[in-house]
Amino acid sequence: MIRINCPYCGERDHSEFSYGGDATINYPSLDASEKDWTEAIFFRKNIKGFQFETWHHSNGCRMWLVVERSTVTHEIKSVKPCHPDLQKVVENNK
Amino acid sequence: MKTRRIDNYGKINRDKILSFRWDKKNYKGFEGDTLASALLANNIGIVGRSFKYHRPRGIFSSGVEESGALVTIGSKDRRDPNVRATTQELYNGLEASGQNAFPNVNFDLAGINNYLGRFFAAGFYYKTFMGIPPLEWGKGTAIWMFFEKFIRKAAGMGSASGLPDPDTYEHAHDFCDLIVVGSGPAGVAAAIEAAEKKLDVILVEQDSLIGGNQLAENDFDNSQIKNQLENLGIKIMTRTTAFGLYDNCVVGLLERVTDHISAPNVNIPRQRFWTIRAKHIIVGAGAIERHIAFNNNDIPGVMTVNASKHYLNRYGVLTGKRIVIATNNDSVYETANQLSEAGANVTVLDSRTNLEIETNKSFEIRKGYVPYNINGSKKIDSLDISKSETINKSETINCDQVLLSGGWSPAVHLLSHRGVKPKWDYNNACFLPNDTKENITIVGSSRGLWNKNDCIASGIAGTTDALNRLGLSKTNYFFPKPGGWKNPIQPLYEVKYKKSRSKSFVDYQHDVTTDDVRLAHREGFISVEHLKRYTTLGMANDQGKMGNIIGLSLMAELLNKEIPEVGTTVFRPPYTPVSIGALSGRNVGKHFRPLRVTPMHQWNIDHGAKMIEVGLYQRPWYYPKENETLSDSYIREASTVRKTVGICDVTSLGKIAIQGPGSTEFLNRIYSNGFSKLQVGKARYGIMLRDDGIVMDDGTSWRLAENEYFMTTSTGEAAKVMSWLEELLQTRWTDLNVNVTSVSEQWAGVSVAGPKSREVLNNCLDDSLVITNNNLPFMGVTSTFLKGNIPCRIARISFSGELAFEVYVKSDFANTMMDLLWENAKKYNGCLYGLEALGALRVEKGHVTAAELDGRVTIDDAGLSKMASTKKSYIGSAMRKRGVLKNNDREILVGFFPTNLKETFNAGTIVCEKNNIKGQGIGRITSVTYSPELGHWIGLGFVKGGLDKWKDTNLVGADPVRNKQMNLKVVSPHMIDPKGERMYA
Ligand SMILES: [Zn+2]
């Protein structure tokens with residue numbers, strides 16, 4: 001069981017969360033081309049090692065989080081809110 | 001029958017006699033016995049028949065590694081098959097029987113298989129049934145399917161009761177700083193050290209008593225240790241197995257709460273399935289003694305040396321009178337001393353020639369000797385031994401027991417669960433656990449330490465390691481070096497005996513012999529993983545705890561490699577079997593998943609609703625009058641709605657409050673249709689697409705105020721839509737000032753539909769002028785009060801195609817609202833209607849639901865192209881016309897009528913062209929109903945090319961599952977009132 005240290009709720013079982021996906025995608029603007037969108041939603045790196053991914057604390061505080069997790073060992077290096085303003089708030093409260 | 005129990009030995013309670021039944025006969029044992037020790041005490045040697053050959057099998061061990069004495073405990077609905085007799089505690093009235101034998105284990109008709117051995121060699125099933133060329137070429141599977149049930153019955157062990165499990169199981173959770181697995185000297189030392197350093201410690205022991213292998217010592221008393229541990233506040237969990245290690249120091253435990261009690265309290269669970277979240281794990285799981293492969297090494301009376309020591313010192317059972325011990329290491333000599341002191345005639349065969357050993361000289365040591373053949377079938381008559389492994393000059397020893405020790409295998413299983421590969425230690429001829437970066441430390445004989453003092457030192461070092469890793473200390477420590485025997489072990493895995501029809505067993509439980517391993521190699525299975533699957537070596541429920549290393553050594557020999565080059569297979573959880581009951585815990589029956597009900601659930605039932613499950617929700621299905629069937633009822637309900645008025649609970653729809661200055665922009669981006677010009681006091685139907693352009697969900701959004709909307713979603717997609725909106729706001733559009741809140745539970749909703757709906761609703765309102773046609777036109781929204789000053793929200797929305805309203809009140813007022821509406825609806829001969837009628841009404845109108853929007857459908861496929869704005873960009877707008885989504889042979893939403901209007905059809909019917917009825921056809925029917933309005937069956941569905949292409953063509957509906965076929969014609973999905981005149985009335 002992966003344990004995720006939610007910045008709002010503390011360390012919780014992964015079963016409280018839902019997996020999102022790649023947290024490093026820069027989604028194109030809504031009027032961007034089909035090509036840009038295809039790139040953004042279908043092409044993924046298959047990373048062996050640490051990757052940034054989104055998790056939703058769906059059975060907790062409902063916040064979307066960026067989790068830095070190893071795809072090999074499940075080790076988690078960092079957990080931050082996705083929202084940049086909230087990231088700052090969490091950072092300042094440390 | 002004579003007893004093998006001897007006086008002055010053992011820690012059993014001889015004052016407490018327990019009666020038990022074995023294979024329908026009565027026996028006696030003592031409190032503190034296991035079933036195995038009680039059977040041995042009663043001189044019962046054969047306890048089962050083997051898997052394939054039905055050879056008599058006895059008790060090989062005294063613990064979890066047991067691969068022979070698998071028995072069935074209990075009867076009827078409490079029958080528990082494949083229980084290890086060696087770990088089953090005896091209780092008064094215990095009922096047990098041997099397995100895999102007919103009529104019984106002593107005389108088993110299938111014993112003939114022993115002589116048909118060549119038919120049961122490795123890969124037997126594959127070769128025999130996967131096609132016998134040339135006659136049966138390609139037909140192998142069919143043959144296998146025919147024979148499978150007979151073979152499965154002949155091979156295999158005990159059988160399950162097939163009845164519902166009467167016991168209860170619990171899931172439990174705990175947290176601690178340190179969990180120590182195993183209560184041997186190392187584990188206990190680690191736990192004490194940690195508790196003294198103020199860590200919160202859980203100590204787990206699979207046995208009923210703490211002590212580990214010390215329980216096999218004649219002078220061991222654990223009461224003091226127990227007191228010490230308890231006084232330090234350590235939580236001791238006995239009869240509890242750590243069956244698996246998981247990520248982030250999570251440990252799975254199975255606690256056997258009542259498996260040792262004859263009449264357990266019905267209020268406590270049989271077993272508890274624990275999830276422990278620790279900060280550090282110390283594994284002191286011990287080591288397991290191996291046997292040696294030689295001919296007939298499975299005859300009842302063969303046992304590991306350590307097991308015999310257990311039976312003597314813990315249970316007071318002397319397992320043999322004339323005992324031969326065969327070994328390649330020093331660990332057996334203390335046992336040999338004690339067995340001979342207890343009165344047995346002992347001979348030790350030690351494969352080593354150079355050896356210094358101190359003994360009490362009461363037994364003979366035959367240096368350089370190995371066993372190669374046991375004579376006897378149901379019991380041991382004698383043992384053939386030979387100097388050196390090459391059997392040149394042999395002699396025979398009369399004996400009734402052969403004890404084996406081929407070395408010890410540290411229990412590396414739990415580390416293997418974490419993906420840590422073990423390393424081969426040549427000096428000790430065993431796999432040792434490797435270090436891991438995770439917070440897990442191995443102590444005791446699991447590290448290959450054979451002396452008690454080393455084990456204790458390793459336990460203390462282990463805790464220091466844990467403290468260091470947790471950042472609580474920076475203390476130097478060292479682990480003792482593996483080993484500890486005076487004379488080095490001499491690897492000995494197999495003694496070869498070249499006689500036809502010889503059987504040297506590697507894996508007792510799956511009847512895998514050394515010949516099977518060799519055969520597999522000859523046939524090209526040279527990877528250990530392939531070997532394992534082809535021979536099934538190590539795939540029984542003991543996972544090859546005793547035999548795996550022997551199999552690897554044989555493979556290494558055949559490949560001319562060393563064992564570490566051959567590698568080892570991966571042990572996976574569980575360490576010992578976990579019952580399905582424990583895995584499911586309380587999540588059975590009605591508790592299998594949560595149940596959601598609407599606030600008017602009881603009201604609906606009180607008013608005659610039959611309920612149906614939709615996702616987790618219970619929704620009214622239909623409201624039958626007296627003798628009405630489902631069909632009578634929904635047809636009446638749907639007709640009543642079209643004629644006068646009906647009331648339907650729609651609370652299960654998802655409801656989301658959208659607030660903030662960015663709300664309008666937000667909705668405009670997530671819906672495919674425009675929302676920027678929606679006025680306050682208006683609602684709009686909207687479709688959401690996914691990023692990839694496929695339809696995600698549909699629903700309505702009501703503009704309650706400048707910056708406030710009330711969104712409804714479909715019942716099934718409510719949670720997904722909510723998460724999706726949160727994701728967009730928190731990850732992509734972080735500049736939008738919008739807040740979304742799920743209010744699904746806060747609002748109770750009802751649909752009031754039919755030509756008389758406005759009149760009914762008017763009678764229920766404080767101010768009836770609020771909802772005139774002018775004040776509340778189609779898609780109008782208003783906030784007002786029901787009589788009794790109940791605040792409500794009303795939108796003029798229609799799913800049925802009639803004049804209709806959705807009314808929402810706070811959930812607390814649900815029943816009052818229903819009473820009020822129903823009282824007034826009755827005045828107009830109205831009805832309550834359920835999901836079935838709702839379905840009929842919407843199919844008639846061609847409105848899509850989850851049956852149509854199945855995650856493969858585009859907005860154009862659903863015939864809703866008008867809902868796709870061309871004036872703005874929105875989620876999915878770039879992708880909805882990509883590649884295959886713009887093909888013109890896509891399946892488009894249409895309506896279906898049976899050509900012969902008297903015929904019926906079902907959802908799932910495949911639509912085909914005439915004379916071309918095959919495969920997936922050209923379309924499918926997704927929803928069907930009897931249309932009260934039209935007077936015949938109608939359907940919604942999809943067909944390639946849509947209405948334009950097939951308008952006047954006769955198509956065929958193929959329903960192979962129900963063996964049905966009918967002629968179809970394609971019609972517009974808007975099967976009644978296509979202009980919507982009723983809605984606007
Ligand atoms: Zn949280």
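Student: Hi! How many salt bridges does a search of the whole structure find over all chains?

Tutor: Hello! This is a predicted model, and the search over all chains gives 57 salt bridges. As background, side chains of opposite charge can pair when their charged atoms come close.

Student: Nice. What does A:Glu53 form a salt bridge with?

Tutor: The partner is A:Arg69, and the closest N and O atoms of that pair are 2.3 Å apart. The pair links distant parts of the chain, with A:Glu53 in strand β4 (residues 50–56) of chain A and A:Arg69 in strand β5 (residues 64–70) of chain A, 16 residues apart.

Student: While we're on chain A, how many helices and strands are there in it?

Tutor: Chain A has two helices and six strands. Reading from the N terminus, its elements go β-β-β-α-β-β-β-α. The C-alpha trace of chain A spans about 40 × 30 × 25 Å along its principal axes.

Student: OK, now the interface. How many residues of chain B are in contact with chain A?

Tutor: On the chain B side there are 30 residues, and they are in contact with 23 residues of chain A.

Student: And what area do chain B and chain A bury between them?

Tutor: About 2,200 Å², with 56% of it on carbon and sulfur atoms. In general, the size of an interface is often given as the accessible area lost when the parts come together.

Student: What is the count of salt bridges between chain B and chain A?

Tutor: The count is two. A salt bridge joins the side chains of A:Arg62 and B:Glu726, at 2.7 Å from N to O.

Student: Which elements of chain B each supply at least two residues of the side that touches chain A?

Tutor: Those are β13 (271–283) and α18 (718–732) of chain B. The largest share of that side comes from α18(B), with eight residues.

Student: How do the residues on that side of chain B divide into nonpolar, polar and charged?

Tutor: The side of chain B that touches chain A has 10 nonpolar, nine polar and 11 charged residues.

Student: Switching to sheets: what is the strand order in the open sheet of five strands in chain B?

Tutor: The order is β2-β1-β7-β5-β6, and the pairing is mixed. Because β2 (25–31) and β6 (80–84) of chain B stand at the edges with a single partner strand each, one side of each has no neighbour in the sheet. From one strand to the next, the twist averages 40°.

Student: How many bridges join β1 to β2 there, and do they run parallel or antiparallel?

Tutor: Strand β1 (residues 13–22) of chain B is joined to β2(B) by seven bridges, and the two run antiparallel. If you'd like a pair to look at, B:Ile17 has B:Phe30 in β2(B) as its bridge partner.

Student: Last topic, backbone geometry. Is the peptide bond from B:Pro573 to B:Pro574 cis or trans?

Tutor: It is cis, with omega near 0°. B:Pro574 sits in the loop between α13 (563–566) and α14 (580–584) of chain B.

Student: What about phi of B:Lys76, positive or negative?

Tutor: Phi of B:Lys76 is positive, near 50°, in a residue other than glycine. You'll find B:Lys76 in the loop between β5 (70–73) and β6 of chain B. For context, most residues other than glycine have a negative phi, and most peptide bonds are trans.

Terms used
Residues are numbered from 1 along each chain as its sequence is written. Chains are lettered from A and ligands numbered from 1 in the order in which they are written. This is a predicted model: local features need pLDDT of at least 70, side-chain atom pairs count only at pLDDT 80 or more; totals for chains, interfaces and linings use all residues. Side-chain values use heavy atoms; hydrogens and water are left out. Two strands pair if DSSP finds at least two bridges between them. Helices (H or I, at least four residues) and strands (E, at least two) are DSSP runs, numbered from the N terminus. Axes are lines fitted to C-alpha atoms, for helices over the stretch in contact, and angles run from 0 to 180 degrees between N-to-C directions. Contact means heavy atoms within 4.5 Å. Buried area is the accessible area (1.4 Å probe) that two parts lose on being put together, summed over both. A salt bridge is a side-chain nitrogen of Lys or Arg within 4 Å of a carboxyl oxygen of Asp or Glu. Ala, Val, Leu, Ile, Met, Phe, Trp, Tyr, Cys and Pro count as nonpolar, Asp, Glu, Lys and Arg as charged, and the others, Gly among them, as polar.
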